[in-house]
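Here is a short report for a reader who is new to this structure. Keep the sequence and the model in view while reading.

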Amino acid sequence: MAEQGTAVMAYNAAMGLALIEEMRRDERVFVLGQGVATGGWFGAEKGLADEFGRDRVIDSNIAEAFEAGVAAGAAIVGMKPVINMGFGDFALIAGDEIFHKLAKWRYMHGLDVPMTAVVIFPIGVMGGAGPEHSSCPEVLGMHFPGLKVVVPATPADAKGLMAAALREPNPVLFHSVNSLGFQRGEVPLDPDFIVPIGKGVVRRAGNAITAITYGSMLDRTLAAADRVADEGIDIEVIDLRSLVPLDWELVLSSVRRTHRAMVVHEAVKTAGPGAEIAAQIQERLFFELEAPILRVAAKDVPLPQNGDLEQLCIPSVDEIADAARRLMAI
Amino acid sequence: MDQSIPGQGPRCPTDPDFVEALFHRMAITRAMETLMERHTREHRFSGWWHPGEGQEAAGIGATAAMRRDDYLFYQGRGCAWAIGKGMAPDPIFGDLFGRITGATRGKGGGVPHWADYSIGVMGEGATLGSVYPLAAGAALAARLRRTDQVALANFGDGTATRGTFHETLVHAAAWKLPLIYFCENNGLLVGTRLASVSPTENVADYAAGYGIPGVIVDGQDALAVFEATTAAIARARAGDGPTLIEAKVFRRRGHYAGDPQHYRAPDYASAYRDPLALLEARLAPDRALALRSAAQAQVQAAYEAALAAPGADSSVIYRDLYHG
């Protein structure tokens, strides 16, 4: 009998709860990373080593390529590795292992077999972490076919998407959002609570503009929607939750109603996820659109470490609201 | 004739049947190499084939020491490792020629991405020197499952400088993973001489820094390779951790098929010792000839069948990208 009810907990703790539950139900799951055996740098692995021992919760050296390569090798032979890369920026240190091996191994060997692996990329600003610890590289997972890509924006989704990722027969890049790590929310306690990969959700219904967002920008987009609602601009806010596969049905059906769209994300603007999303909407719905699709995204710079400048580089509620006004003025 | 998977037959270097089985696999590999060399010349075949002629003893000798369920991750020269671990010539030729009968079901074209998980052929990474952490992951999996399987990472001397060579060895040695590093040192990184970029004379010298055995073996001698690998596997199965084996081998041909090899001395081949001839001396004369003939016939038939098989069409393009 499934445990019922909810509890209020932090985003990272919710992700950790899914790890605990999946490790209980499937002994193929193990966790590897820097500091994971002592609870993880941001608390997601708290208590794991106490329950499952250091055989299954393994501290590594500072060796990201090794960690990701171990995940690939263990997944190839049927285990379900979870590695926490510490920061999404470090994806590039392990580029071969993630974007060639995890993404391409089965394809290039002609194997239609399951291969489960979860790579946790903590992404985005966290207040002065600097240009090499604040990146949002989720677009990389969209650009290398063979991977699935998720970015939860709430504690409940952090749990449900992690559980889904460990039951998914394909490698998943799991982007946990640094700025949400300690944000609390209601989380279902049912160990079989799953948020399906590839399904977005409408967080706010509206009929004038479709705002497509995910991750850290969900809250700011909702705040902007509230702000312009007083001005008579009714924004529908879609939280994508997954970037691969992307819930095109949800996006396109909304834009068919609103005829206006904007994409909001913390990743840099140029060649970011918004570029692909905007391109596909106009390819499919060109004659439905009343206005160009706007992108509200980070400035095209490495994020400065100065915390004040950092905030000036990523979309603010004001900027998102302004974009909505511009869309309506066209 | 023992055409079984290595490890199912007798495995003693003094057993004539075992020596014959080794020779037979080497003869199959050589026949494939010879055919591929000719095919490349006559059909202007893709230079993505990297000939392994002359290096057959390393892969065949090492895989003969492995069990069927041991994990092999191999490098991209030749086909000895896949043949030694139990793959037939047919899916290999089929893959090389882009046929749907190939191991990758039509996606191939020269670089070997042959895998058969049922016999522990786990695959090849074409970003050279990329299989170290993958093999360690398989070894870690064996540890977690409490089996006594081992994983073998096969690589060339040119990739012993990769960061993951060292990252992986640090962890594997610290955790005593059941991992074997098997280097085929032919002294050439494509066309660069290893001696010009290596601080040590031998790749095996690196082992000392990690506190593990570094073993140098004559890579042209299949039985010597077999014995060195057997010892390393026994050590790994016993929980004593990794071994770095360095087989000194000879690259008979270019880096890729058609490589003019301007970087080599004109008389480079004078130092070559044919690994088949070395092992042949251990067999009765009539047996070697019979084994070569049988191998030749089997390989020729596989080659012709592959050429006659249908090529891949666009239906394979999205296959194997996502499961389920």
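What percentage of the 324 residues in chain B is buried? Buried residues account for 52% of them. Keep in mind throughout that this is a predicted model.

## Chain B as a whole

Chain B holds 10 helices and eight strands. Its C-alpha trace spans about 55 × 50 × 45 Å along the principal axes. The radius of gyration of chain B is 19 Å. A compact globule of 324 residues would have one near 20 Å, so the value for chain B agrees with that.

## Where chain B meets chain A

The two chains touch. On one side are 34 residues of chain B, and they are in contact with 36 residues of chain A. Three elements of chain B give two or more residues each to its side: β2 (121–124), α5 (132–145) and α6 (163–175). The element that gives the most is α5(B), with 10 residues. By class, this side of chain B has 16 nonpolar, 13 polar and five charged residues.

## Two helices side by side in chain B

Helices α5(B) and α6(B) also pack on each other. Their axes are 8 Å apart and form an angle of about 25°. Angles under 35 degrees count as roughly parallel, so α5(B) is roughly parallel to α6(B).

From α5(B), the residues in this contact are B:Tyr132, B:Pro133, B:Ala136 and B:Ala139. They meet B:Thr164, B:Phe165, B:Glu167, B:Thr168, B:His171 and B:Ala172 of α6(B). Six of the contact residues are nonpolar, three are polar and one is charged.

## The five-stranded sheet of chain A

Now turn to chain A. One open sheet there has five strands, in the order β9-β11-β10-β13-β14, and its pairing is mixed. Which strands form the edges? They are β9 (201–204) and β14 (294–298) of chain A, each pairing on one side only. Neighbouring strands of this sheet are turned by 25° against each other on average, direction ignored.

Within the sheet, β10 (residues 209–213) and β11 (residues 235–239) of chain A pair in the parallel sense over five bridges. A:Ile212 stands opposite A:Ile238 of β11(A). Helix α7 (residues 217–229) of chain A lies across β9, β10, β11 and β13 (261–268), and runs at about 170° to β11(A). Helix α11 (residues 317–329) of chain A lies across β10, β11, β13 and β14, and runs at about 165° to β14(A).

## The seven-stranded sheet of chain A

Another open sheet of chain A has seven strands, with mixed pairing and the order β3-β2-β4-β5-β7-β6-β12. At its edges are β3 (57–59) and β12 (242–244) of chain A, and each pairs on one side only. From one strand to the next, the twist averages 20°.

Strands β6 (residues 148–150) and β7 (residues 172–177) of chain A run parallel and are joined by three bridges. Here A:Val149 stands opposite A:Leu173 in β7(A). Helix α3 (residues 64–76) of chain A packs on the sheet and touches β2 (29–33), β4 (80–84) and β5 (118–123). The direction of α3 makes about 170° with that of β4(A). Helix α6 (residues 155–166) of chain A packs on the sheet as well, touching β2, β4, β5, β6 and β7. The direction of this α6 makes about 165° with that of β7(A).

## Backbone details in chain A loops

The peptide bond from A:Val244 to A:Pro245 is cis, with omega near -10°. A:Pro245 sits in the loop between β12 and α8 (248–258) of chain A.

Two residues other than glycine have a positive phi: A:Arg241, near 65°, and A:His259, near 65°. A:Arg241 is in the loop between β11 and β12 of chain A. A:His259 is in the loop between α8 and β13 of chain A. Are they buried or exposed? A:Arg241 is buried, with 26 other C-beta atoms within 10 Å. A:His259 has 16 C-beta neighbours inside 10 Å, so it counts as partly exposed.

Note on methods:
Residues numbered from 1 in each chain as written. Chains lettered and ligands numbered in written order. Predicted model: local features only at pLDDT ≥ 70, side-chain atom pairs only at ≥ 80, totals over all residues. Helix = DSSP H or I, 4+ residues; strand = E, 2+ residues; numbered from the N terminus. Rg over C-alpha atoms; globule rule 2.2 N^0.38 Å. Buried ≥ 20, exposed ≤ 12 C-beta atoms within 10 Å, placed from the backbone. Contact = placed C-beta atoms within 7 Å. Nonpolar A, V, L, I, M, F, W, Y, C, P; charged D, E, K, R; others polar. Axes fitted to C-alpha atoms, helices over the stretch in contact; angles between N-to-C directions. Parallel < 35°, antiparallel > 145°, perpendicular 65-115°, else oblique. Pairing = 2+ DSSP bridges.
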